[in-house]
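Please consult the sequence and the structure shown here while reading.

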Amino acid sequence: MQIGGLQKLSLIDYPGKTAAVIFTQGCGMFCPYCHNPQLVYPELFEKSLDEDEVLSFLKKRQSLLQGAVITGGEPMIQRNLKDFIKRVKNLNYAVKLDTNGAEPEVLKSLIAEKLIDFIAMDIKAPFAKYNLFYKGSVKNIADSISIIKSSNIPHLFRTTYDKNILTQTDLEDIKNLTAPSKHITQECGK
Ligand code: SF4
């Protein structure tokens with residue numbers, strides 16, 4: 001795992017749980033409003049944190065924290081994500097994964113092994129505008145939405161609203177993509 005940061009306590013990132021937040025390095029998207037470029041562009045990466053030290057921190061906080069949020073960047077491009085999550089779950093943490101949805105096969109496999117307790121997926125735009133954020137196939141995004149919706153795992157979809165990129169009609173289209181699941185919109189910069 002390439003871990004670029006650790007937030008030792010969050011009361012807002014995992015709904016209903018106190019949590020530590022683990023930030024992974026690397027992402028296959030290039031959102032213009034990205035607030036974490038140091039987790040996206042390799043030339044901006046800081047020295048990775050040692051995975052064992054992160055796990056040792058979680059072990060020490062077992063009695064205080066209920067969840068671990070794995071976010072990025074994009075966690076699903078990490079080669080040993082599955083083993084890392086298994087080690088976190090062995091410490092009795094519930095695991096929430098934040099994703100951009102570009103890796104449906106990884107997602108499917110993590111769900112099949114019951115390694116995720118909560119999923120939050122960002123929906124960047126209606127499919128016709130995804131090329132402003134992502135060079136890959138929008139089928140990946142569509143597949144991830146459908147996998148998450150049918151997973152029976154607590155989840156939500158989120159959209160960052162940048163008025164220079166998305167219209168109100170776009171937001172309606174996104175809501176239609178994600179319905180009937182919960183979808184939240186956050187204004188860029190707020
Ligand atoms: S998917 Fe997230 S981390 Fe990646 S570029 Fe977009 S906002 Fe940044």
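From the N terminus on, the elements of the chain follow the order β-β-α-β-α-β-α-β-α-β-α-β, where helices (H or I, at least four residues) and strands (E, at least two) are DSSP runs numbered from the N terminus. This amounts to five helices and seven strands. The radius of gyration is 16 Å, close to the 16 Å that the globule rule gives for 190 residues, so the chain is as compact as a globular protein of that length; the radius is taken over C-alpha atoms, and the rule is 2.2 Å times the number of residues to the power 0.38.

The model is predicted: local features need pLDDT of at least 70, side-chain atom pairs count only at pLDDT 80 or more, and totals for chains, interfaces and linings use all residues. Residues are numbered from 1 along each chain as its sequence is written, and side-chain values use heavy atoms, with hydrogens and water left out.

**Overall dimensions and packing**

- Taken along the principal axes, the C-alpha atoms of the chain fill a box of roughly 50 × 40 × 30 Å.
- Buried residues account for 46% of the 190 residues in the chain; buried means under 20% relative accessible area, exposed over 50%, and partly exposed in between (1.4 Å probe, protein chains only).
- Of the contacts between residues at least 6 apart in sequence, 68% join residues at least 24 apart, a contact being heavy atoms within 4.5 Å.

**Ligand site**

- The space taken by the ligand is the largest pocket. On a 1 Å grid over the protein atoms alone, a pocket is an open set of points where a 1.4 Å probe fits, with protein on both sides within 12 Å along at least five of seven lines; a molecule sits in a pocket if more than half of its atoms lie within 2 Å of its grid points.

**Backbone geometry in loops**

- Most residues other than glycine have a negative phi, and most peptide bonds are trans.
- The peptide bond from Gly-72 to Gly-73 is cis, with omega near 10°.
- Asn-92, in the loop between α2 and β4 (94-99), has a positive phi near 70°. Its relative accessible area is 66%, so Asn-92 is exposed.
- Asn-152 has a positive phi of about 65° although it is not a glycine. The residue lies in the loop between α4 (138-149) and β6 (155-161) and counts as exposed at 77% relative accessibility.

**Buried residues**

- Ile-22, in strand β2 (residues 19-24), is buried because its relative accessibility is 0%.
- Leaving aside neighbours within four places in sequence, the contacts of Ile-22 include Ile-3, Leu-6, Val-54, Leu-58, Val-69, Ile-70 and Phe-84.
- Ile-174, in helix α5, likewise counts as buried at 0% relative accessibility.
- With neighbours within four places in sequence left aside, Ile-174 is in contact with residues including Ile-123, Lys-124, Pro-126, Thr-159 and His-183.

**Partly exposed and exposed residues**

- Leu-177 lies in helix α5 (residues 168-178) and is partly exposed, with a relative accessible area of 24%.
- Not counting residues up to four places away in sequence, Leu-177 touches Ala-125, Phe-127, Ile-145 and Lys-149.
- Leu-177 and Ile-148 are 29 residues apart in sequence and 12 Å apart in space, C-alpha to C-alpha.
- Arg-79, found in the loop between β3 and α2, counts as exposed at 86% relative accessibility.

Definitions and conventions: 1 Å grid on protein atoms, 1.4 Å probe; cavity = no way out; pocket = protein on both sides within 12 Å on 5 of 7 lines; lining within 4 Å.
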